[in-house]
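Have the model open while you read.

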2 protein chains.
Amino acid sequence: MIRLFVRDDLEAGMAVTPTREQSHYLGHVMRVNVGDRLRLFNGRDGEWEARVETVGKRDMTLLAEMRTRTQTVGPDLDLLVALVKRTRMDVIAEKAAELGARRLRPVITERSIADRTNVERLTAIAIEAAEQCLRVEFPRVLEPERLERVLANWDSGRRLMFCDEAGDAPPAAEALAAAGGTSWALLIGPEGGFTPAERARIREMPNAVPVSLGPRILRADTAAISALTLWQATLGDWRSGE
Amino acid sequence: MIRLFVRDDLEAGMAVTPTREQSHYLGHVMRVNVGDRLRLFNGRDGEWEARVETVGKRDMTLLAEMRTRTQTVGPDLDLLVALVKRTRMDVIAEKAAELGARRLRPVITERSIADRTNVERLTAIAIEAAEQCLRVEFPRVLEPERLERVLANWDSGRRLMFCDEAGDAPPAAEALAAAGGTSWALLIGPEGGFTPAERARIREMPNAVPVSLGPRILRADTAAISALTLWQATLGDWRSGE
């Protein structure tokens, strides 16, 4: 079943106009016709079954008919990741959606190779991944911010899983289980790691939980996926009964 | 420090000739000169510090001087993955190396989109990842085999973590901890999943340990990374004292 993210509100009988790109995809790639059914979500109103109402040359109309899933909100989990090169940022946006992060916050560190990123492109990637992995919500991608500013404005109720390559931190699964709690952020460094000063600054944070991700050096995208996985398995919605 | 995988034996005083591509990389990209030092490994003799002995237009000679790490063998962990499209297979080969799998075995399933893959390319990707993540060994990539043949010849001492999308399996971390053991394989299905007949056949295996990887549908590469991560954290070398 085709699933599409739309901007419009969704309620019974509501007409929805997909974007030009979506209409092209539906009409010319998937070859849908009047009367065909698909699923829609907008991140606010759950998931709806919709019927194709009209098909034009360049656009089409869909009619929302029945809610198939209520809106849910995933765990309160932010992924903070130092800006890395574009292809790896793209992977991270996709995986943040698949693995249930609520927000993706790019951070600028001393060894980051860039100080900006295309937030719209990353958002589009996260939405496409959410369409495919059956989520009814998707990670919000924030504008990049400098690490020191992020730490200076830190929310005192949010724990910070610090993936520390320096090696003396306890294994991530153990450290997370010991720390507990429900509001978290995971912090992944750039290729080349944090500087000693950054590392000291992060470890000073009262909410910091330094963790190790094993004996091998991981690329930033791998570290992000492993950290999200261990968080979901230990404190998130991958546990029994969640 | 530059790290290179070489085919030659490594011992003190042994001259090593990098491939043309490696010589080009060293000479023209990294601009090394006579006397510069780098690290070498071949998957058999540990890691060695070597000195650049001669630099020619197209090739160069390195001299192994001192062993810097002994050869280690990682956990006895195979990654079995249904053939998926090329870009995702490439990612899986890279991540198998970073996350410490010993062998990568592509398997052909009913819904696989291909029945072959480029084993040499995947091997080269795994070696490059091992160079960067400081491993002294790297995953062997096997020729693709049909799933039924793989299961028919199954080693009775090896447990099989079956990542089952159908949803009634217990969470992976719990199932792995309960199963224990040291020889394992992780089995990841194709996009679209296993057929009901394949799923029944896998679940019949006496060594099968069906597990769930959370409530969202994961792409094959994400599932592979998450499964490797949870295995390493629960039974492998990411634990305390390993």
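1. Buried area here is the accessible area (1.4 Å probe) that two parts lose on being put together, summed over both. By that count, chain B and chain A bury about 2800 Å² between them, with 52% of it on carbon and sulfur atoms. Arg216(B), Arg219(B) and Trp238(B) supply 27% of what chain B buries against chain A, more than any other three residues.

2. A caveat before going on: this is a predicted model, where local features need pLDDT of at least 70 and side-chain atom pairs count only at pLDDT 80 or more, while totals for chains, interfaces and linings use all residues. Residues are numbered from 1 along each chain as its sequence is written, chains are lettered from A in the order in which they are written, and side-chain values use heavy atoms, leaving out hydrogens and water.

3. In terms of contact (heavy atoms within 4.5 Å), 33 residues of chain B meet 34 residues of chain A.

4. How many salt bridges does the rule find across the interface of chain B and chain A? There are 10, taking a side-chain nitrogen of Lys or Arg within 4 Å of a carboxyl oxygen of Asp or Glu. Asp237(B) forms a salt bridge with Arg216(A), and the closest N and O atoms are 2.9 Å apart.
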